[in-house]
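Thank you all for coming. I would like to walk you through one structure today, going from the overall fold to a few individual residues, and I will ask you to keep the view open while I talk.

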Amino acid sequence: MFNSISKYQPQLLSVLRIVAGLLFLCHGTAKVLGFPAVEGVPGPGLSLAGLSGPLELVFGALLVLGLFTRPVAFLAAGFSAVGYWFVHAGQGPFPIANGGETIVLYCFVWLYFAAAGAGPWSVDAAMAKKAG
């Protein structure tokens, strides 16, 4: 059974990128646009929290599209690591207890996309196909 599903690995890579990118994008829209309205989300400003919204918005949108995926994912992984250490790590050593499990997961998902690429359903793949 699992051998038969493995033939869909390239497409599932794209699905994972799109879903993770949409979720990351939602973090950005909540912080920048106030939608969806989430209690305790920092507003825009010249702080780490204030700058995270625009970055999540831009990185999320590019990752959903699969545009410049490898460099964007690499930057998003670094951004997520910095966010974890500056925001969550000081609240305790365990991500499940300090509220950082989501950002840790994002960090490693983005690192994976930096290595694996966007998959076939992406602007990157379309540009590569067009280029020959």
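This is a predicted model: local features need pLDDT of at least 70, side-chain atom pairs count only at pLDDT 80 or more; totals for chains, interfaces and linings use all residues.

Let me begin with Leu12, which has its place in helix H2. Is Leu12 buried, exposed or partly exposed? With a relative accessible area of 44%, Leu12 is partly exposed, and this residue is one of a group on the surface, because Phe2, Ile5, Tyr8, Leu12, Val15, Val19, Leu23 and Trp121 form a nonpolar patch there. Together these residues have about 820 Å² of accessible area. The elements that give two or more residues to this patch are helix H1, residues 2–5, and helix H2, residues 9–32. Helix H2 gives the most, with four residues.

Now let me step back to the overall picture. The protein has seven helices and zero strands, and from the N terminus on the order of elements therefore reads α-α-α-α-α-α-α. The C-alpha trace spans about 45 × 30 × 25 Å along its principal axes. Of the 132 residues in the protein, 33% are buried. The protein exposes about 8100 Å², and carbon and sulfur atoms supply 75% of that area. If we take the contacts with a separation of 6 or more, residues 24 or more positions apart account for 66% of them.

Charges come next. The protein has 6 positive and 4 negative side chains, and the centres of these two sets lie 21 Å apart. How many salt bridges does the structure hold? There is one, formed by Glu56 with Lys31, and the closest N and O atoms of that pair are 3.0 Å apart. Glu56 lies in helix H3, residues 48–65, while Lys31 lies in helix H2, so the pair ties together parts that are 25 residues apart in sequence. Both partners, Glu56 and Lys31, are buried.

Let us stay with Glu56 for a moment, since its surroundings are worth looking at on the screen. Glu56 has a relative accessible area of 6%, and because the cut-off for buried is under 20%, this residue belongs in that class. Leaving aside residues up to four places away in sequence, Glu56 touches Phe24, Leu25, His27, Gly28, Lys31 and Phe79.

Gly53 is also found in helix H3, and at 1% relative accessibility Gly53 counts as buried. Which residues does Gly53 touch, not counting those up to four places away in sequence? They are Gly28, Lys31 and Val32.

Ala81 and Ala118 are 37 residues apart in sequence, and their C-alpha atoms are 21 Å apart in space.

Finally, I would like to turn to two details of the backbone. Most residues other than glycine have a negative phi, and most peptide bonds are trans. With that in mind, where is the cis peptide bond that I wanted to show you? It joins Phe35 and Pro36, with omega at about -5°, and Pro36 has its place in the loop between H2 and H3. The second detail is Phe68, which has a positive phi of about 55° although it is not a glycine.

Conventions: Residues are numbered from 1 along each chain as its sequence is written. Side-chain values use heavy atoms; hydrogens and water are left out. Patches are made of residues with over 30% relative accessible area and no salt bridge: like charges are joined within 9 Å, nonpolar side chains (Val, Leu, Ile, Met, Phe, Trp, Tyr) within 5 Å. Accessible areas come from the Shrake-Rupley method with a 1.4 Å probe; for residues, only the protein chains shown count as cover. A salt bridge is a side-chain nitrogen of Lys or Arg within 4 Å of a carboxyl oxygen of Asp or Glu. Buried means under 20% relative accessible area, exposed over 50%, partly exposed in between (1.4 Å probe, protein chains only). Contact means heavy atoms within 4.5 Å. Lys and Arg count as positive and Asp and Glu as negative; His and the chain ends are not counted. The place of a charge is taken as NZ of Lys, CZ of Arg, CG of Asp or CD of Glu.
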